[in-house]
Amino acid sequence: SEEMLVRSEKLSVIGQLAAGVAHEIRNPLTALKGFTQLLKSKAEGNSFYYDIMTNELDRINFIVNEFMTLAKPHFSKFSTRRLDHILHAVISILETQAILMNVSIRTEFENCIPSIYCDENQLKQVFINIIKNAIEAMPLGGQITISAAMEPDQERVRLTIRDEGMGIPDSIIRQIGQPFITTKEKGTGLGLMISSRIIEAHQGLMHISSVPDEGTTIEIILPLNMEEEK
Ligand code: ADP
Ligand code: MG
């Protein structure tokens with residue numbers, strides 16, 4: 001079993017620039033897609049190359065959209081929220097997909113799950129990313145267990161999201177969380193990078209451990225209240 005700490009940096013100037021560029025790419029992309037479809041409609045039955053172009057344009061669009069979530073911290077909205085509500089909301093979003101994939105999602109929450117000072121939408125995005133990865137890691141189905149418990153200091157909460165999936169090969173676990181590192185045909189390798197940045201913005205920690213063919217555990221520790229930045 002190999003372990004690693006997902007390192008994350010504050011949203012850098014380069015990150016902001018990249019998000020800005022991604023935004024600028026979207027308009028020309030929309031025009032390209034529109035005209036490709038126009039050409040296709042005039043192709044009289046021979047649309048093969050236009051279909052490829054449309055698919056590739058959709059792919060660019062998908063990556064650009066994922067990338068743009070990097071720019072989100074600009075619009076961040078912090079307030080005090082109940083963590084169990086956030087988690088249940090995310091589970092209900094993903095439940096249909098999970099059932100289709102033969103995956104059950106179980107929660108083990110301590111009686112007293114606190115409210116935390118957070119950006120609710122960003123935390124939702126983190127949990128969606130992580131639970132989706134867990135579902136995708138179990139093509140034959142299985143169980144995801146989400147537990148939440150207070151740390152002994154009573155100032156931080158520890159979340160654990162565990163699956164019984166294929167695990168992460170030792171050869172790449174150190175790279176996981178860097179942009180574009182993916183083992184999936186249709187993956188972007190952006191999910192965990194964005195998630196770790198969001199956790200960092202909440203002054204939290206994210207930790208991945210994985211045993212190939214047994215499963216993966218993601219641990220997140222979040223302070224209930226954030227310290228003021230100096
Ligand atoms: P993507 O899902 O688009 O590939 P992510 O950043 O979400 O990008 O994940 C990066 C990679 O980390 C995945 O391609 C996969 O190899 C690995 N990974 C993440 N979560 C899990 C998991 N629960 N089980 C197995 N592998 C995982
Ligand atoms: Mg993912």
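The following conversation asks how the labels given to parts of this predicted model are reached.

User: Why is Ile130 called buried?

Analyst: A residue counts as buried if 20 or more other C-beta atoms lie within 10 Å of its own. Ile130 has 24 C-beta neighbours inside 10 Å, and therefore it counts as buried. This residue lies in helix H4, and, leaving aside neighbours within four places in sequence, Ile130 is in contact with Ile161, Ser195 and Ile218. The C-alpha atoms of Ile130 and Thr217 are separated by 9.9 Å, although the two residues are 87 residues apart along the chain.

User: What makes Thr80 exposed?

Analyst: The label "exposed" is given at 12 or fewer C-beta atoms within 10 Å, and Thr80, with 12 such neighbours, therefore counts as exposed. Thr80 is found in strand S2, residues 79-82, and, apart from neighbours within four places in sequence, Thr80 is in contact with Ser115 and Tyr117. From Thr80 to Tyr117 the C-alpha distance is 4.2 Å, while the separation in sequence is 37 residues.

User: How do you know that H6 is largely enclosed by the rest of the structure?

Analyst: Nine of the 11 residues of H6 are buried, and so this helix is largely enclosed by the rest of the structure. The buried residues are Gly191, Leu192, Met193, Ile194, Ser195, Ser196, Arg197, Ile198 and Ile199, and they pack against H4, strand S7 (205-211) and strand S8 (215-223). For the chain as a whole, buried residues make up 25% of the 230 residues.

User: How is the packing of H4 and H6 described, and which residues make the contact?

Analyst: Two packed helices are described by the angle between their axes and the distance between the axes. For H4 and H6 the angle is about 145° and the axes are 9 Å apart. The contact is made by Gln122, Gln125, Val126, Asn129, Ile130 and Asn133 of H4 together with Gly191, Leu192, Ile194, Ser195, Ile198 and Ile199 of H6. Sorted by class, this contact of H4 with H6 has six nonpolar, six polar and no charged residues. The crossing in which H4 passes H6 is left-handed.

User: What is the crossing of H3 with H4 like, and how do the residues of that contact divide by class?

Analyst: The axes of H3 (residues 83-100) and H4 come within 9 Å and cross at roughly 35°, and the crossing is right-handed. The residues of the contact of H3 with H4 divide into 12 nonpolar, one polar and three charged. Phe127 of H4 is one of the residues in this contact, and, not counting residues up to four places away in sequence, Phe127 touches Leu87 and Val90.

User: Which residues have the most contacts inside the largest nonpolar core?

Analyst: The largest nonpolar core has 39 residues, and those with the most contacts inside it are Phe127, Ile130, Ile131, Ala134, Ile144 and Ile161. The largest share of this core, seven residues, comes from H4. In soluble globular proteins, nonpolar side chains tend to be buried together.

User: What surrounds ligand 1, and which helices contribute?

Analyst: Ligand 1 is surrounded by 22 residues, of which Asn133, Ala137, Thr182, Gly187 and Gly191 are the closest. Helix H4 (120-136) and helix H6 (191-201) each supply at least two residues of this shell. By class, the shell around ligand 1 divides into nine nonpolar, 11 polar and two charged residues.

User: Why are Gln154 and Phe180 called exposed, and what is their phi?

Analyst: Most residues other than glycine have a negative phi. Gln154, which is not a glycine, has a positive phi of about 60°, and Phe180, also not a glycine, has a positive phi of about 70°. Gln154 has 10 other C-beta atoms within 10 Å and is therefore exposed, and Phe180, with 11, is therefore exposed as well. Gln154 is found in the loop between strands S5 (142-150) and S6 (156-162), whereas Phe180 is found in the loop between helix H5 (170-173) and H6.

Methods: Residues numbered from 1 in each chain as written. Chains lettered and ligands numbered in written order. Predicted model: local features only at pLDDT ≥ 70, side-chain atom pairs only at ≥ 80, totals over all residues. Near = placed C-beta within 6 Å. Helix = DSSP H or I, 4+ residues; strand = E, 2+ residues; numbered from the N terminus. Nonpolar A, V, L, I, M, F, W, Y, C, P; charged D, E, K, R; others polar. Core = buried A, V, L, I, M, F, W, Y, C linked by C-beta atoms within 7 Å. Contact = placed C-beta atoms within 7 Å. Axes fitted to C-alpha atoms, helices over the stretch in contact; angles between N-to-C directions. Left-handed = near helix turned anticlockwise from the far one by under 90°.
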